[in-house]
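Here are a few friendly notes to read alongside the model. Keep the 3D view open as you go.

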Number of protein chains: 2
Amino acid sequence: MANTKSNLQIDSARLWNAIHETAKFGATPKGGVRRLTLGAEDKQVRDWFRDACEAAGCEVHVDALGTMFAIRPGRDMSKLPVAIGSHLDTQPTGGKFDGVLGTLAALEAVRAMNDAGIETDAPICICNWTNEEGSRFAPAMMASAAYAGEYTTDDILGRKDADGVTVASALDTIGYRGAEAVGARRFSAFVELHIEQGPLLEAEEKTIGVVDRGQGIIWYNGTIAGFASHAGTTPMPLRRDALATFSEVVLAVEKIAKTHGPHAVGTIGEVTIENPSRNVVAGDLKFSAEFRSPESATMDALHRELQNAVKDIAARRNVEIVVEQIWRKEPTVFNTQIVGAVEGATKQLGYSYRHITSGAGHDACNLAGVMPAAMIFVPCKDGISHNELEDATQADCTAGANVLLHTTLALAGVVSAPKINS
Amino acid sequence: MANTKSNLQIDSARLWNAIHETAKFGATPKGGVRRLTLGAEDKQVRDWFRDACEAAGCEVHVDALGTMFAIRPGRDMSKLPVAIGSHLDTQPTGGKFDGVLGTLAALEAVRAMNDAGIETDAPICICNWTNEEGSRFAPAMMASAAYAGEYTTDDILGRKDADGVTVASALDTIGYRGAEAVGARRFSAFVELHIEQGPLLEAEEKTIGVVDRGQGIIWYNGTIAGFASHAGTTPMPLRRDALATFSEVVLAVEKIAKTHGPHAVGTIGEVTIENPSRNVVAGDLKFSAEFRSPESATMDALHRELQNAVKDIAARRNVEIVVEQIWRKEPTVFNTQIVGAVEGATKQLGYSYRHITSGAGHDACNLAGVMPAAMIFVPCKDGISHNELEDATQADCTAGANVLLHTTLALAGVVSAPKINS
């Protein structure tokens, strides 16, 4: 096979243009995108995407949950395709890059291959996974989870949004309820480009994140039962203050996560006091909490230490604290070979990089359970995502797309590259 | 003047009966009372009270804010009356004793004087102060505050409830908009019996609380501005977590109050996170806070120490914290002579007692600004008040009423007591 030269680059302007053109479907006044899965704007971008893939010589297929697969033929059609892509749905107040970058970079990689006249050995498949965000229908990363066998198709088809509309009905309304069985189409690997959605690459001035792990996560629901009493007449030593107790729990979660740094994180993001009043010592409240870590053993330790801390606090304050685990997802370990291909491509292209753990969930994390997979991160401004202010530079998006292109070529094998200067 | 014998007692069953009979006006299924000021149930209890006072030989007057004054003549009508009483309105989910005990014990004291054929030198006045609770109309202790000159009558008449009904209109509807100017009727002293609404008397097994002070109070509104970020992708050291910050503030308020024990109290009872989410590090939140202390200098210290703590926390966590004082009320120092009369009566009757600070606000606290005043506390079960479970024993209510009776007789002077056994 011919060596692909590192001077093979994607078309930066064409990628940037595609991102901004599709951003019009659901554009918000603040510069973001509101394109909930299977809605009118999603149909628009899917139609755009289908047309673009077909114009790039791909054959577009849709499965029973609306996931789109655009196949670029290879020399050996008996080989499983190398899959690349992400998602095109967004958060209610989402940005232009989350999911969109990975999907349109995959399209751009195929367009660049076409421009260079490259024939690969194995086929390439550009994927647009349905409902990654989980905003309109639960769960998040819905279609890739079904593909990976975590849910049956019928289960997912019956999921309802807040207005009672089912996934099945929404798919039918936009005409994307495909013929293919979910999970029928297999691949040799899946590589997903995505903005980091965190602050590390920007802080360390690295262009590329070679993602080797995805965080495992534990979700908790908690309650605290103290005693609601008059704020004026109840002396401090006689209080059973649920909010002061909660404050100790918040700081314990923070401390426990920090002791398992640098990767572990712990967060309490919600609290609701029952019948709150300025002059009433809080008696009852509920809250949510989560831990994340790329190591299963660490997750066990985080969980154990939290339960111990909660026991101590409850005893000392003479209140009841219940912290109940409601979900646990084990860490994702991306395939060493695919991660190596990403790192190899990055080095070959000369970009600064670091290995990084994905703190957020992605389709690639689900798919890693059923095929070799890896991810490529690029920086996003201030680490902001799930926010209309989400931003990334053209240069970084281009770099990520180049790494995606070269990783894909390395995995699919290049048969001929007639238009590349040697 | 004849000595009143300590064997002069109120009629325990008659007092208990009055409490439970009036509890029917607005009775709740849980055994409490919902009798918002100037509503239909309040009219019922006011009519009952008027009839009972008149049947006890009192002349009933009503001022422009509906406060009722029932005068029992004395020998020397040129002397200012000794005023006793409390309020008959309740919280939305109130109990049977808060305010009611003090008002009906005052009525019972008059009835007991009648039974014993006692003539006092100065007249006695039983008071029912309008809108002590402040649930329907703000502020709390509304009528006594106007009496004490803190608000003009017109200001109060224009106050509206949540439905836009004015105090003036509500008074007219129930027919209790009296002719007398607020504050025109003067007294030599005011003594108020009340349940403690706190846990101390019960915990220390004391029957009577001789109230010598009322807490001063500072109210704050607070905001914290950190940075909302993804709970999975933001490493712990890079967070600006408003909720973790808030937790430190809660514990600081608690600690600061404790260092000024045993009297000072500090409470945060409300917090609202902006756009909370299980997997988002809290960026912005608001909260309320309060300190109470019976000493002005301590209030200054509490305030100062909180501001310093907040500054430290904000700097360390790199977030913005604003804690703004919105109200400050100085402590009430009850009149030594009147407090002494209460203590003297308590000793004479042989009840166990302790001096105590009132942690809650009462009409007596407002009135102490314009006349000698004091309060008498009795225990309530578990210190619970502002709650349908509020409870007090017949024996304790009786003890409190006896102390009120003897205090009143000491202050008004007994001319003759023909029916008391010597």
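1. How many residue pairs are in polar contact across the interface of chain A and chain B? The rule finds twelve, with both residues at pLDDT 80 or more; a polar contact is a pair of N or O atoms within 3.5 Å, one able to donate a hydrogen and the other to accept it, and residues adjacent in sequence count only if both atoms are side-chain atoms.

2. A word on the ground rules: this is a predicted model, in which local features need pLDDT of at least 70, side-chain atom pairs count only at pLDDT 80 or more, and totals for chains, interfaces and linings use all residues. Residues are numbered from 1 along each chain, chains are lettered from A in the order written, and side-chain values use heavy atoms, without hydrogens and water.

3. Now look at how the chains meet. The contact (heavy atoms within 4.5 Å) involves 54 residues of chain A and 54 residues of chain B. From chain A, T233(A), M236(A) and R278(A) supply 19% of the area buried against chain B, more than any other three residues; buried area is the accessible area (1.4 Å probe) that two parts lose on being put together, summed over both.

4. Two salt bridges are counted between chain A and chain B, each a side-chain nitrogen of Lys or Arg within 4 Å of a carboxyl oxygen of Asp or Glu. R317(A) forms a salt bridge with E254(B), at 2.7 Å from N to O.
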